[in-house]
Every structure is written in C-alpha cells, then in structure tokens.
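Let's take a walk through this structure together. Have a look at the sequence and the model below, and then we'll go through it piece by piece.

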Amino acid sequence: MRRIALRTVTYPVASHRIPAGFDGIHIAVLADLHNCRVGGDNRVLLDAVRENRPDWILLAGDMITDGIREVCCDEALHVLRALTEIAPVCYAPGNHEGRWQEADPDGFALYRSAAEELGVLFLDNTSTFLRRGEDSLRVTGLSLPQRYYSKRKRVTATARDIRALVGAADSAHYQILLAHTPAFARAYSDWGADLSLAGHYHGGVIRLPGLGGMISTGFRPFPRYDRGRYRLGEGELIVSAGLGAHTIPIRVNNPPELVILKLRGGR
C-alpha cells in the first residue's frame, strides 16, 4: 500500500515576550482538512501529531467543507475526537465554517456542540489563555465575515476592523492570532499579533520550483503568502499549506502539511 506523503514543518518561535515557562513547548497547527483523509482514517496525520507530542493543538479553520448540496463533517469530527486525546484543542473558524453558520445556523450549531462535547474550545472572535503554572500566552480566534473572502470583489481588512471583531490585542502577553486567511497579514501585525497563524491558500494549490504557489483559493495568481514564514514589522506570520482540498481536489508538488511550533522563551 502506498504511504500518503505528509510534510511536517517545524518552526522555532523565539521571543523575549514568551515567558520562560513556555520554553521548549510544542504546538501543533492544523488547517484546511476539508473533511479529507491523510491516510486511512487519517492515520498518517494523527500518527504524525502524536509523534511530535504537542502540548497544545491549534486549528486554523476549514476542518469541514461547506459544499453546494451538503456539508461534510464526519471525518472532521473523527479527527477532532482523536486530537483531543492528544492535547487540548483550540479551533478558530475558517470561511467554510462561517458560510455554513450563515446558511444553516442550526446545522452548524449541532457540529459545534458535538466538537465541544469532545473538549474542543471554539474561538469565534474570542480569546483564551494557554497556561503553564503562573505563565500564560493569549490566543485569539478571528472569524471574518464572508465578504472578506469574496472571489469577485477585493475587500481589505484593517487593524481597526479586526479590533471591532475581537477587541484589542493583549500587550501584556505574547499574542497569537488564529486568522485562517493570510490575506490581511499586515493588519494582523498592526492589530498587535506577535504571531499570526493562517492557511486558506492550500499552499498555492500547484507549486512551481522557484516560483511557489500558482493560485490562491480566491483564484488570484501567485499569492504573496502562500506557504511558510514571513516577518511583518514587530510580528510574524506562519502559513500552513493545509491538509486537504475541496471542489477540485488538486495538490501538485504540494503535499499535505502539518506545522509544529517549538517555542523559545525567557530570553
């Protein structure tokens, strides 16, 4: 049986704003599963998460797929169940969760309730603290209205727009923003994020050597933040290439990706 390729990328994240109690902590970041499978029953994905022994797991949206006729979420719930057995899970919605919530609030509420019963913490324009002893980091989940994902008309988000949705950034703590789309990366940094985590672009779908991803999920060529790490003034952005696909299931030179953060603090 052919083994499904999974790319695991580890990023060291160092900052004097990360407290000493978080030095050496591992955080797994998953994005854009789209109810797909990375190996039978998502074994390849889940084994890779377990092998990296994360202290927390952050989900940057689009774990499900909001299709034309129905929403697919059975595989997502299977993965969520397994992830909660590994480490605490925080989940910020993507555009697919947001679209489902707008079109079918009752259906989405059932999905969210099922996930919360498993122990998943939804961050829908809300925040939480990751705590180790007396030390803590703040994680905020940004849920943007659907107009910001329009394929026809470009809509720009500013730091002021983000503040209106989630409140002010926490200058007293290292601030992580789960933002799903990397399109507004500069606004995230201006808002006050020390670290923004995103996905959405699926690594540019088709990757060309030396050129990167060819197209965004909004059908714009060669997106600027397709995959990887970017410095943005006082903050930084890490973009996952994501795990799945939807509608047109294409990923060329672009394997599913698991992101692991290794924190370095107290320095």
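**Starting from the sheet**

Begin with an open sheet of 6 strands, whose order is β1-β16-β2-β3-β6-β7 and whose pairing is mixed. At the edges stand β1 (7–14) and β7 (121–122), each with a single partner strand, so one side of each is left without a neighbour in the sheet. A word on terms: helices (H or I, at least four residues) and strands (E, at least two) are DSSP runs, numbered from the N terminus, and two strands pair if DSSP finds at least two bridges between them. Strands of a sheet pair through backbone hydrogen bonds, either parallel or antiparallel.

Before going on, keep in mind that this is a predicted model, in which local features need pLDDT of at least 70 and side-chain atom pairs count only at pLDDT 80 or more, while totals for chains, interfaces and linings use all residues. Residues are numbered from 1 along each chain as its sequence is written, and side-chain values use heavy atoms, with hydrogens and water left out.

Now zoom in on β2. With strand β16 (residues 257–264), β2 pairs in the antiparallel sense over 4 bridges. Here V29 stands opposite V259, and A28 stands opposite I260. β2 also runs parallel to β3, joined to it by 4 bridges, and there A28 stands opposite I57. To get from β2 to β3 the chain passes through α1, and this β-α-β crossover is right-handed (with the strands pointing away from the viewer, the path from the first strand over the helix to the second runs clockwise).

Is β2 buried or exposed? Of its 5 residues, 5 are buried, so β2 is largely enclosed by the rest of the structure. Buried means under 20% relative accessible area, exposed over 50%, and partly exposed in between, using a 1.4 Å probe and protein chains only. H26, A28 and L30 point one way from β2, I27 and V29 point the other way, and all are buried.

Next comes helix α2 (residues 74–84), whose buried residues are E75, A76, L77, V79, L80, A82 and L83. What covers them includes β2 (26–30), α1 (43–52), β3 (56–59), β6 (89–91) and α4 (105–118).

Let's turn to the aromatic rings. The structure holds 9 aromatic pairs. Rings of Phe, Tyr and Trp (its six-membered ring) pair if their centres lie within 6.5 Å; planes under 30 degrees apart count as stacked, over 60 as edge-to-face and the rest as tilted. One of the pairs is Y91 with Y111, which is edge-to-face at 6.4 Å centre to centre, with 80° between the planes. This pair links distant parts of the chain, with Y91 in strand β6 and Y111 in helix α4, 20 residues apart. Both Y91 and Y111 are buried.

Y91 has another partner in F122: their ring centres are 4.5 Å apart and their planes at 25°, so the pair is stacked. Because Y91 lies in strand β6 and F122 in strand β7, the pair ties together parts that are 31 residues apart in sequence. F122 is buried too, with a relative accessible area of 4%. Y91, W100, F108, Y111 and F122 form one aromatic cluster.

Our last stop is P209, in the loop between β12 (207–208) and β13 (212–213). P209 is exposed, with a relative accessible area of 78%.

Notes:
Contact = heavy atoms within 4.5 Å.
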